[in-house]
Amino acid sequence: MRFKLTILAIIILYAQTTWAQSSKMDIVIQLNESSGSISHFLETIKKQANAEFYYDNSKVDVSQKVKISERKMTVRNLLNLLFKEQAVQFMEQKNAIIIKVKKGSSGKGIKGKKVTIKGYLRDADSGEALIGSTAMNLETLAGTISNYYGFYSLTLPAGPITLKYSYVGYEAQVKQLNVQKDTTISVDLSIATLNEIIINADKEVPIQETTAMGTFTVTSKEIKSRPAIGGEVDVVKALHLLPGVQSGSEGSSGLYIRGGGPDQNLILLDGVPIYNVNHLFGFMSVFNADAINKVDLIKGAYPARYGGRLSSVVDISMKEGNNQEFHGEGSVGLIAAKLLLEGPIIKGKTSYAISGRRTYLDVFAKPFFKDKSSTDPQTGNTTTTGSSVGYYFYDVTGKINHKFSDRDRVFFSIYHGKDKGSSGEKITEENSQTDYYRFNDDAKGLHWGSTISLFRWNHVFAPKLFANTSISYSRYDFFSEDENFLELNFGDDRRTTYENFTTTSGIEDWTARIDFDFFPNPNHNMKFGISGIKHTFSPNTVALNEDKKKDVTINTNNIETKEYFAYLEDDIKWSEKIRSNIGVHVSGYEVNDKFYHSIQPRISLRYLLNTNNSVKASYTHMAQYLHMLTNAGVGLPTDFWVPATEQIPPQRADQFSLGWFHSNASTNLEFSAEAYYKQMDGMIAYKEGAGFLDLSEHWENKVEIGEGSSYGIELYVKKSFGRTDGWIGYTLSRSDRFFPNLNEGKTFPFKYDRRHDISAVLNHKISDNITLNANWVFGSGTTITLPESIYYTNDSYFAGQVFEYTSRNGYRMRPYHRLDLSVSFTKEKKWGERQWVIGIYNVYSRRNPYFVEEKHHIELENRDGIYHTVDEHTKLVEKKLFPIIPSISYRFKF
């Protein structure tokens, strides 16, 4: 019996041993190395356990480096250790071990481990940041967009990935990477090449996919392609061709957006507010298109990072300068000449860009003003008359940036521009026989200009956290002078009189600010920051000096205010269909003993109907702590900035928007329809009869406080087909104002209220070297105020007239429309590229009204020494400005 049990135990033990050893997973492996790749250790197992491994190389990563502390372990334990970071399972079949990705896992990644890829996207030729470029994981379609400085951050599962980097107009790059830790990858993209018909390039992010509403981006190339008066291309006039944007009047560079005034636009040049955008009395803007990288216009759904204005944000970024090689470009036109130079100081690290522009109207005008002399035969007096009129403007921009490392970069930029106009008349009358001498010198001067400077530091604190710290200065000054000198000598009688009348106004800002970009994951992007601004206002200072003895100054006190704000902005993709941008902008404002504050929510929602269509809705609340006092009339920059005070409240606005957005890459069609409603309060206007030259009252006592509303719908369709592309924009809108003490307390139209506004833009490439560009615009007539009745006092025309105005802005001038054309001829030269541009402004010479003047006519008849009225009437005469104006300009690049 004992023998039988012993035999049975041996049989059972042998069976267990045989069964155990039949599993490859339980074979003990002897390791000779403590580190190496997973594939190396699999080869060791294969030799010692006689096992073959099978797996999908696209999903299982065997290239990872691992460390093993033990020298002996089973195959099972070793495999678990080798693949502990990957979501896999093992299946044994005979002599084979299958490594399979677990159900629900994307595979080929480290289980639970995320890595962040960060870097900059730049132009390969110049090193310029590509703002708004994309980085996308082609396997999951998760992606991100680079910020204002070209920085991107994308968090993904560790392991092999395929990334696509793209930017509109540039050739895309695809990189296959195996990323196991946080990595910095900066990519340089090259401009797409042309074929016979179209440009092969990736499209920008489709409009239906973002949360943005009422937002347009205009590049420097697009600005330069537009026909322009005198051949001088203009940034602001390019914006006038977009729906919801109005120019105000013929040739003007003003911006009237969704029923707002020019003071309600936050215009940023490299992030610094600029308070005056006009050269040449408003016919041109201060921005040199050669020095501009791109322009973003936001007129609805304001992100929380922007604040301080009610109607729009115009964010203009300057060129950073080519950090690879020296280049230049410029032009010579009928109005002005300009030049841009850029290049590396230290190749790949430090670059500069500097540009200058000047008009030469003053030089051309000089030959037309010469002294004239004449002698009176009766008195023998000789009179010499000399007159002059002069005007010029100039502007200079400069920028230097230096890259210390992939984590740190600094920038310094400046802008300075000035307009100066003058007129004068000198009259000398003398007679040497009678010792008579009379000299009169009457001179007028007017100049205004802006200066800004900025220092900023970009720093990457962590792969997901980017910061921009800046200190900036901005100043705008206006100065006018009227000077008269009279000298009279007649024998022993000698007299001199002197009078000097000057007016000044301005605003000066010092700003410190820090902004952060945080990228938690591809579906989540946060922005937050804080800022402080010190404003110094010089509202309106008038000085009178007589005989160099008396000096009278009115309104000399500057007003200092402080403005603070903090913001948080969160862009989240909740699902494939739903995305939101939710934020809050909190601001405070100190003026004397008064403190204002504002909590401003910002909400924008997008719902994706299908691949090509989405609906969006937004709500924004805005606050503005400064005003502009605007004079009636046109031409002179006598509007001046004033702050909110204890007596004058801030401006506030609420805006609601709803829209449908569509784009289709296969048909190259883009369409949007957007409706909006905006309510504003705290707006100011001059009281009846008050104005710029009324010196009897302080400016706070000359204004009324009121409200405004604006609503409308904007349609936009853009299409490209072959060599031709363009767009059409249409705006149907209404904008009103209400001031309790103006217009008898009745609501009246805003001065630049337009029911209908149409713009059509066409670009056609006739050949590789010849391009045709055309614009056509139409707008309802501008509102004006005209008298409804005229009364004569004392029953006599000569005793005086009284005009009765019963309806403010109750009349409209004729509609405005105009066609502009230009043809550019481009030729490659050994030294670079030259281009001749021939343009025609107002092709069919439409004599659009500029303003309306009242002409009062009376015809009198003398009857026995008494004058009787025969005919009397008032006639309205439209003053027109520009007929057809041809132009030619020469542009060059090297």
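This is a predicted model: local features need pLDDT of at least 70, side-chain atom pairs count only at pLDDT 80 or more; totals for chains, interfaces and linings use all residues.

Rings to begin with. The structure holds 31 aromatic pairs. Take Y589 and Y625. Their ring centres are 4.8 Å apart and their planes sit at 5°. Planes under 30 degrees apart count as stacked, so this pair is stacked.

Where do Y589 and Y625 lie? Y589 is in strand β37, residues 578-591. Y625 is in the loop between β39 (613-624) and β40 (626-629). The pair therefore ties together parts that are 36 residues apart in sequence.

Are these two tyrosines buried or exposed? Y589 is buried, at a relative accessible area of 0%. Y625 is buried too, at 2%.

Next, a cluster. Y120, Y148, Y149, F151, F411, F466 and F519 form one aromatic cluster. Keep F411 in view. The charged end of R456 sits over the F411 ring, 4.2 Å from its centre.

There is another charge over a ring. K616 lies over the face of F661, with 4.3 Å to the ring centre.

Now the backbone. Most residues other than glycine have a negative phi. Look at the loop between β54 (832-841) and β55 (849-863), which holds N842. N842 is not a glycine, yet its phi is positive, about 65°. S845 is found in the loop between β54 and β55 as well. S845 also has a positive phi, about 50°, and is not a glycine.

How accessible are they? N842 is buried, with a relative accessible area of 0%. S845 counts as partly exposed, at 27%.

Terms used
Residues are numbered from 1 along each chain as its sequence is written. Side-chain values use heavy atoms; hydrogens and water are left out. Rings of Phe, Tyr and Trp (its six-membered ring) pair if their centres lie within 6.5 Å; planes under 30 degrees apart count as stacked, over 60 as edge-to-face and the rest as tilted. Helices (H or I, at least four residues) and strands (E, at least two) are DSSP runs, numbered from the N terminus. Buried means under 20% relative accessible area, exposed over 50%, partly exposed in between (1.4 Å probe, protein chains only). A charge sits over a ring if NZ of Lys or CZ of Arg is within 6 Å of the ring centre and within 35 degrees of the ring normal.
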